[in-house]
Amino acid sequence: MSIMKQKMSGWGRYPVHESFVARPEKNTELTNLLNNVSIPNWITYGLGRSYGDTPLNENGGTILTTRLNRFLSFDETTGVLECEAGVSFKEILDVFVPRGYFLPVTPGTKFVTVGGAIANDVHGKNHHVDGTFSEHVLDFTLMLASGEIVRCSRSENSQLFWATIGGIGLTGIILAARFKMVPISSSYYNVHYQRARNLEEALKLFSESDDQYRYSVAWIDCMARGGSLGRCVLMRGNNASADQVKARNPLPILHKTKLTIPVDFPSFVLNQLTIKAFNALYYRIHPRDSHKLVGYESFYYPLDAINQWNRMYGKRGFVQYQAVFPPETCREGLKEMLERLSSSNRSSFLAVLKSSGDENEGILSFPKKGYTLALDIPINDDSLFPFLRSLDELVLRHGGRVYLAKDSTLAPEHFREMYPRYKEFQAIKNQVDPNGVFSSSMARRLKIVED
Amino acid sequence: MESVLILGATSGIAQAIARKLAARGVNLILAGRSMEDLNRLAGDLKVRFNCPVTTMLFDAATFETHAAFYESCKAIVGQLDGIILCYGYMGDQRKAQDDGQHAKEVIDINFTSCVSILHIAANDMEQRGKGFICAISSVAGDRGRQSNYVYGSAKGALSIFLQGLRNRLAKSGVSVLTVKPGFVDTRMTFGQKGLFLVAKPEKVATDIIRAIEKKKNVLYTPFFWRWIMLIIKMIPESVFKKLSL
């Protein structure tokens, strides 16, 4: 099997690291790769939707998992789907929406693989009710550094199970997983849109009525200041029943016509003014309080309609920053973060606020009880990095943490404080991978593994 | 198209064709050398499309098994409406230059074995007066180049064989399609240097199925390879022989 040297990056297109890339199609080819002595270590790379250096491996090896994408079985009576880790959420929806099943949890893009969803322990709009994707995973098979294949579940190799969930690919290669799909009678959602004039009002709405909605998120205008600080549009809803939809086919696969961003936008396109204008407009076009029936595509995946939307941020790319604050400190933490952002004139084109539910047992899993805020920030110059460092400190001070799937700049000492169970992770990692066959740019940066 | 036999079913192009045919409810027989890989592919198609799929072992290199293999395929589905030959073997040009056995291997897989199995299918379909034969040849067979002329000559021979077969079967209503893919993003091409305009297997599969339905004779896919190869074929030999291609 060929291995080629190639520059790789995540969805934020920063950083860019060169590595030796292979694209196996069978498990036997994976074993051959792990035995290849000329490549020091490996990391898996799915559809490249984590933003920073999670799936990168500078001067090491990268295993593309996209051709390990076979469905293995589906049990109609239990809704349990078994598939290889390279299967994408898009493929799953295309096959199962018409049959009346939906993913139990999905992030804001359907271009993620099952393996990536487990390794980053992804969450979605229903985190406050249903938890992360992994919480619906019954078990998975993992290829260890030795080539041995083990099954991991809550009862079998449970330590390894919880280390692999959110374990950013460092415990082994996830080969296949079994998880429970959710029955639906329509692929539409009844969405309730509500404007909140500021952060206070938004948090009030969230805490008063989030239990009425299975799906809940707020788009937040990061440019608003003063009394409007944190103004946002809440979008909360529930799956619609077939009779509410009144369509002949209540279960369509909804593909929006695709727009492609063919080239990198010049960096001046997204500037303070355009972002501010967009944010203000977006706030205004949503009525103060309204209900609407929307298809799953626009509800979950509005940005998937634009191919390569990451190119809008220009050649230097962007960072996405997502932090979670515990309930006790969230008000202060969020307020301070939004203030920092608007006073430093750092604009976020898209910012999302959401309440999150209890944390699970995943050792490096991100979500925990409280509120999470996600921001996109274009990289215009290097002054962004010290600014992000100061955000990390702010998050830590409020007892929060940042999401590794979106990170590219966190310092190792901050990582250790945010993820205090990291030693447990390292112990399990050393046990199953004593020679460091699995490593990544992120793992070395955060000193999860030794250099 | 109700029942189709795909040879070399685990190749990248074959998998894409299989998915598209299974989506239409075609009864598929997937044949190849590794039962494990075939079963995995078949399992995938069954989950995706709830369709009937059978897997069969097929070893192109053992010609004497071909007739019995074809008969057992027929026994499974009643009769075969079509056969799509997707297997191929790039081999190693340098090795083939020094090792006649390796050269023979490349030629046998890409050419002589195809003659054997496709004749069996052709005789059957000719007798019935219907059916289609489709085989994946290569643009490499259009002109010999120093970098892969052993593979290229075997594919070129396959194209000429198909041409003759098409001529023979024209009056019996059996169509014969020669497919000449350009660069396709499969295991065979992954990591190779100097490739351009690389097509997705799904795109190539769509083109192939459409060409089968329209009873086309020769398909270049993506289409522009017809023009690229036309230009390459027009270069005078006196010039061509000095190029490093």
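## Contact between the chains

Two residues are in contact if their C-beta atoms, placed from the backbone, lie within 7 Å. By that criterion, in this predicted model, the contact between the two chains takes twelve residues from chain A and eleven residues from chain B. On the side of chain A that touches chain B, strand E1 (3–9) and strand E5 (71–75) of chain A each supply at least two residues, and the largest share, four residues, comes from E5(A). By class, this side of chain A divides into six nonpolar, two polar and four charged residues.

## Domains of chain A

Chain A is divided into domain 1 (71–184) and domain 2 (188–411), and the centres of these two domains, taken over C-alpha atoms, are separated by 24 Å. Their contact takes 29 residues from domain 1 of chain A and 26 residues from domain 2 of chain A.

On the side of domain 1 of chain A that touches domain 2 of chain A, the elements giving two or more residues are helix H2 (89–96), helix H4 (127–130) and helix H5 (158–164) of chain A, and H4(A) gives the most, with three residues. That side of domain 1 has ten nonpolar, 14 polar and five charged residues.

## Nonpolar cores

The largest nonpolar core has 133 residues, and those with the most contacts inside it are Ile118(A), Ile174(A), Ala177(A), Ala202(A), Ala218(A) and Leu373(A). This core draws at least three residues from each of domain 1 (71–184) and domain 2 (188–411) of chain A. Apart from it lies another core, of 74 residues, among them Leu5(B), Ile13(B), Ala16(B) and Ile136(B).

## A helix pair in chain B

Two packed helices are described by the angle between their axes and the distance between the axes. In chain B, helix H1 (residues 12–23) and helix H2 (residues 35–49) pack at an angle of about 30°, with their axes 10 Å apart, and H1(B) passes H2(B) in a right-handed crossing. Gln15(B), Ala18(B), Arg19(B), Ala22(B) and Ala23(B) in H1(B) meet Leu41(B), Leu45(B), Arg48(B) and Phe49(B) in H2(B), a contact that has six nonpolar, one polar and two charged residues.

## Backbone details in the loops

Most residues other than glycine have a negative phi, and most peptide bonds are trans. The peptide bond from Tyr14(A) to Pro15(A) is cis, with omega near -10°, and Pro15(A) is found in the loop between E1 and strand E2 (16–22) of chain A. In chain B, the peptide bond from Thr221(B) to Pro222(B) is cis, with omega near -10°, and Pro222(B) is found in the loop between strand E7 (218–221) and helix H8 (225–234).

Asp121(A), in the loop between helix H3 (114–119) and H4 of chain A, has a positive phi, near 40°, and is buried because 30 other C-beta atoms lie within 10 Å. Gln308(A), in the loop between strand E17 (306–307) and strand E18 (318–325) of chain A, has a positive phi, near 50°, but is partly exposed, with 14 other C-beta atoms within 10 Å.

## A buried glycine

Gly400(A), found in the loop between helix H11 (384–397) and strand E21 (401–402) of chain A, is buried, with 24 other C-beta atoms within 10 Å. Gly400(A) and Val324(A) are 76 residues apart in sequence and 5.3 Å apart in space, C-alpha to C-alpha.

Note on methods:
Residues are numbered from 1 along each chain as its sequence is written. Chains are lettered from A and ligands numbered from 1 in the order in which they are written. This is a predicted model: local features need pLDDT of at least 70, side-chain atom pairs count only at pLDDT 80 or more; totals for chains, interfaces and linings use all residues. A nonpolar core is a set of buried Ala, Val, Leu, Ile, Met, Phe, Trp, Tyr and Cys residues joined through C-beta atoms within 7 Å. A residue is buried if 20 or more other C-beta atoms lie within 10 Å of its own, exposed if 12 or fewer, and partly exposed in between; C-beta atoms are placed from the backbone. Domain bounds come from an automatic or database domain assignment. Ala, Val, Leu, Ile, Met, Phe, Trp, Tyr, Cys and Pro count as nonpolar, Asp, Glu, Lys and Arg as charged, and the others, Gly among them, as polar. Axes are lines fitted to C-alpha atoms, for helices over the stretch in contact, and angles run from 0 to 180 degrees between N-to-C directions. A crossing is left-handed if the near helix is turned anticlockwise from the far one by less than a right angle, and right-handed if clockwise.
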